Amino acid sequence: MKGLPFLLLAVAGLSLWSGPYPLSGGDPMAQIVLLEYRLPRLLLAMGCGAGLALSGALLQGLTRNPLADPGLLGVSQGAALAVVALIVLTPAAPFALRLPVAFGGALAAAALVQTVGRGAPLRLILSGIGLSALLAALISALLTHGGLREAETALGWLAGSLHAATLAEAGLMALILLALAPLCALLAPALGVLRLGEEVALALGLPLLRVRRLILLAAVLAAAAPAALVGPLGFIGLIAPHLAARLSAAPGRHLWLSALTGAALLALADLAGRSLGAVQVPAGLITSILGAPLFLWLLIRRPAAGGAR
Amino acid sequence: MIRLLALLLLLPQLALAEGWPRHFPHKFGETVLEAPPTRIASLDFGGGDDLLALGVQPVTLRLWTGEGQLGVGPWAEDLLTSQPVLLRGAPDFERIAAARPDVILAFWSGITEADYAKLSRIAPVIATPAGMGDFDLPWQARARLAARALGREAEAEARISALQDRLRSLAARHPEWAGKTASIAFDWDGTPGAFLPGDVRVRPLAQLGFTTPAALTALAAPGAFSVSLSPEDLGPLEADLILWVGSASPPNQPMRRFLAARRDGREIVASAELSAALSWSSLLSLPRALDLLVPQIEAALPPDRSLP
């Protein structure tokens, strides 16, 4: 557990150090490569990983379901549908429009999931699954409907690549995380109580309705930003909280550890994607390719410990 | 003879036409080249061909479709004498920077504004002209833009007019093609479709005299370069000539057998090389495409055959 910050630092150091461009002092291009290519990419990866992991941890705590992840909120699919619609239906739309459109789509989908899934956590899960399937179907329909070129542009975005990350985007993500930090600090003890079950939480005097709303709000914001900034990034929100729980059983620290783990995971995925071969593999594909086996391994290794936290 | 005279008159004019620095307005702004560049990075799909045709070895090549181990199509392998950095997928800025280019050509590349900003830190970037789709530049305009960036307009004009002459003489030798309809069809992951007149693959066929069937253009959204069809109704493809591109194996479309063009032997399934050569539509690939395609069209549409 103590090793986590060091692991994060090691991943960060390796990300800044390695790449096809040879770094050497006194080379102005090396400085650009380091500060304008590798650094924003690393920072955005860490920020988005932290956001997704935080969202996953909040949702797993809220629903007391270990399989909950930000995909449940419909945010990734909502953002994806909005961007794909923008690309396919109005190919001439300016590139800068994608971020606000994605954010709007993410929030709209989340609002819809919550309207439908009002009430018990199980209802939320089911409506999230249902709506995500519907949104995915709409995305496929748009891809089929659109021209080849637009479909290819959209598929590129759907792969979730960090290659064109800018410091401004990383800064925006950092701001969102900073704004969420006090809320999470406030919610951490409530999440601990919520683990004991709703009746116990109520009996202990937890304002259940308000707490639930706040958790959802934080979870939506934490997942909508990465979905809008990078595109869909699978599995981080599901796995990071589980890995973090392996590191420490203390519920009070679970959110922070999840965020750190998520940051390290996505940074690692992006590093792997850009250094495995001559082809840059988008981080979103790496998280999906590595995420599924990692998740199965976690389940098989200690089946009893798969419970909610 | 007259053409030769015109060319002779044109040549010195071209040489004098434009000095340096040169300005290149494009959809992301304007790029200025102070002097003729020597290390040229191409980020364009099939972009190496025009450079090689003009006698320049690119320092990067973008992989696309149909190229061999060297990164260029079989039609350009003899001309490639260097080992450029091969790029695949999203633009890899570091790899491009490591090639130390002094210009980056990206007018058939699909780069975004964000990509443009990152690339511009490496070297001046020449992007798609404003008002043009990312992949809409016709082959002549593509070659001319590359030539202007390299300062090799005369070579480009000679190549372009040679190719235009070949197309014109082919059309003249086959008056029976004029006004005939031709569909360029594709099978994209099970979804059939066809390319429309704005597409690069359709332009050379149009220069040979073929037109796109009205049934296809009627289905097109404004500005679209292709149209998707239902696998259940390939009827809009019906034409005097159907050319399937994109895959060496026959397209897996069950309704294909009901097309009159197929029944009458007026259907051509392009080889992988022909598909790629048409898609690249470069100064080097188009001659190869014509070498491969023309005998097949001649076999499919013999002059004496009367068509309904």
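A: Buried area is the accessible area (1.4 Å probe) that two parts lose on being put together, summed over both. This is a predicted model, in which local features need pLDDT of at least 70, side-chain atom pairs count only at pLDDT 80 or more, and totals for chains, interfaces and linings use all residues. Residues are numbered from 1 along each chain as its sequence is written, and side-chain values use heavy atoms, with hydrogens and water left out.

Q: How much area is buried between chain A and chain B?
A: About 2,600 Å² is buried between them, and carbon and sulfur atoms give 58% of that area.

Q: Which residues of chain A lose the most area to chain B?
A: They are A:Tyr37, A:Leu148 and A:Arg149, together 29% of what that side buries.

Q: And how many residues does each chain bring to the contact?
A: Chain A brings 30 residues and chain B 27, where contact means heavy atoms within 4.5 Å.

Q: Turning to the fold, how many helices and strands are in chain A?
A: Chain A has 12 helices and 0 strands. These are DSSP runs, with helices being H or I of at least four residues and strands E of at least two.

Q: What share of chain A is buried?
A: Buried residues, meaning those under 20% relative accessible area (1.4 Å probe, protein chains only), make up 50% of the 309 residues.

Q: What are the spans of its C-alpha trace?
A: Along its principal axes, the C-alpha trace of chain A spans about 65 × 50 × 35 Å.

Terms used: Chains are lettered from A and ligands numbered from 1 in the order in which they are written.
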